[in-house]
Amino acid sequence: MRAKLIFWVFALLVSAGIGPALAADASVSISNFTFHPADLQIKAGSTVTFRNDDDIPHRVAAEDGSFSTKALDSDDKATITFARPGVFPYFCTIHPHMRGKVTVTP
Amino acid sequence: MPNNDDPSRRKVLECMTWAGTGVLWTFAGGVPKSLGLLGDPAVAAEASAFTFLQISDSHIGFNKAANPHALDTLKEAIGKVKALPVKPAFMIHTGDITHLSLPEQFDTAAQLIGEPGLDVHYVPGEHDLIDANNGKLYLDRYGAGKKGAGWYSFDHNGVHFVGLVNVVNLKAGGLGYLGAEQLAWLADDLKGKPDSTPIVVFAHIPLWTIYADWGWGTDDGAQVLQLLRRFGSVTVLNGHIHQIIQKVEGNVTFHTARSTAFPQPAPGTAPSPGPMKVPEEQLRRFLGLTSVAVKFGAQPLAITDTTLADG
């Protein structure tokens, strides 16, 4: 009974996207002018850290304008929190042929 | 003074025309050598001829493996400009002046590129607009008297020069982009110009599609070419790809310049267009400047590229 209660509290926290320990934070590496992974799925409330592993700066921005990073020089990182569910296509504003997508589930 | 039938003079002019039509576009000779030819009294007799230089992609602040000393190679290039026996009319810089749009990088660029004492006409590259305010630093420095994101035109000895900006508001999945406002301005700018006016258009990203997979082209570049179609002599000078690629289409000569900072791979020959590491002793063969000689008459402009390895 007690175990069952803990399970439901746990499930509630996950579905509400609260409880930082429960949010599976992710990272995207930028190398060879490509986002890795280019298609990422996370839970609402999670963060995605973009890290530039190229010898050239990149700048990540959502196609809908909902987020953008500063220009990331080599080895620079930027962390974006995805609070609400949805599909967020993004691109590099400096090299717009570079595209990726974050799918945020409730 | 030799007349037109002087074989030595004819030879020089033919050679320069040949270079200008793009048959010979690599290692056509150094700027000093080229201008040595122009300094020949026979050629100097050509009415109102002048030369200008194109410098591109200096990337002040770049220090990665492909060239840890990009400032030094720019200094070498500027040294060549200062040593020219005949002073060019001016320089154009086709963008990526800095690597990261930092104020101190703009300062260093202005100081160094200003050393030869020539007027420099700039257009921005995407690396010049990545400050926190999306290009404010560039426009504060170079935007005076220009339109929109920094486009403009000017005339020199009867040649009409147009500096375009195709690195602003780039669209996801797209290439370089000029936008309706700039295209409308260009149509208006060219209106009333006789078809015989020689036109030189310069912009950072190539105005024609060289390799879309790497973003090497301009989405609405074809609309510029449509506006230029009626002119008898059009020269399009770009940077961005850090290597020479040239083509001639009708009356339009397209030409991209080398960087002074680092080479990039030929289209499709590497996993990405990132900086290309070449053996240290070969680096200077991949970096350089472009000289353009304007001669009046029916001939195309003579474009001569020189590398930092040329004497």
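# Exercises on chain B and its interface with chain A

In strand β9 of chain B, Val252(B) is the bridge partner of Val234(B). The model is predicted, so local features need pLDDT of at least 70 and side-chain atom pairs count only at pLDDT 80 or more, while totals for chains, interfaces and linings use all residues. Residues are numbered from 1 along each chain as its sequence is written, chains are lettered from A and ligands numbered from 1 in the order in which they are written, and side-chain values use heavy atoms, with hydrogens and water left out.

## Exercise 1. A strand and its partners

**Task.** Determine which strands are joined to β9(B), and in what sense each runs.

**Solution.** 

Step 1. Helices (H or I, at least four residues) and strands (E, at least two) are DSSP runs, numbered from the N terminus. Two strands pair if DSSP finds at least two bridges between them.

Step 2. Strand β7 (residues 234-238) of chain B runs parallel to β9(B), and 5 bridges join them.

Step 3. Strand β8 (residues 246-249) of chain B pairs with β9(B) in the antiparallel sense, over 4 bridges. Here Glu249(B) is opposite Val252(B). The hairpin of β8(B) and β9(B) has 2 residues between the strands, and in it Gly250(B) has a positive phi near 60°.

Step 4. Burial is examined next: a residue is buried under 20% relative accessible area, exposed over 50% and partly exposed in between (1.4 Å probe, protein chains only). In β9(B) (residues 252-256), 5 of the 5 residues are buried, so the strand is largely enclosed by the rest of the structure. Val252(B), Phe254(B) and Thr256(B) point one way, whereas Thr253(B) and His255(B) point the other way.

## Exercise 2. Salt bridges

**Task.** State how many salt bridges the rule counts over all chains, and examine two of them in chain B.

**Solution.** 

Step 1. A salt bridge is a side-chain nitrogen of Lys or Arg within 4 Å of a carboxyl oxygen of Asp or Glu.

Step 2. Asp107(B) and Arg141(B) form one of them, with the closest N and O atoms 2.4 Å apart. Asp107(B) is in helix α5 and Arg141(B) in helix α6 of chain B, so the pair ties together parts 34 residues apart in sequence. Asp107(B) is partly exposed at 43% relative accessibility, as is Arg141(B) at 34%.

Step 3. Asp195(B) forms another with Arg230(B), at 2.5 Å between the closest N and O atoms. The former lies in the loop between α7 and β6, the latter in the loop between α8 and β7 of chain B, 35 residues apart.

## Exercise 3. The interface

**Task.** Describe the area buried between chain B and chain A, and the salt bridge across it.

**Solution.** 

Step 1. Buried area is the accessible area (1.4 Å probe) that two parts lose on being put together, summed over both.

Step 2. The area is about 1,700 Å², with 64% given by carbon and sulfur atoms. Lys64(B), Ile130(B) and Ala172(B) supply 28% of the area that chain B buries against chain A, more than any other three residues.

Step 3. In contact across the interface are 27 residues of chain B and 16 residues of chain A.

Step 4. The rule finds 1 salt bridge across the interface. The side chains of Lys64(B) and Asp73(A) meet in a salt bridge at 3.9 Å, N to O.

Methods: Contact = heavy atoms within 4.5 Å.
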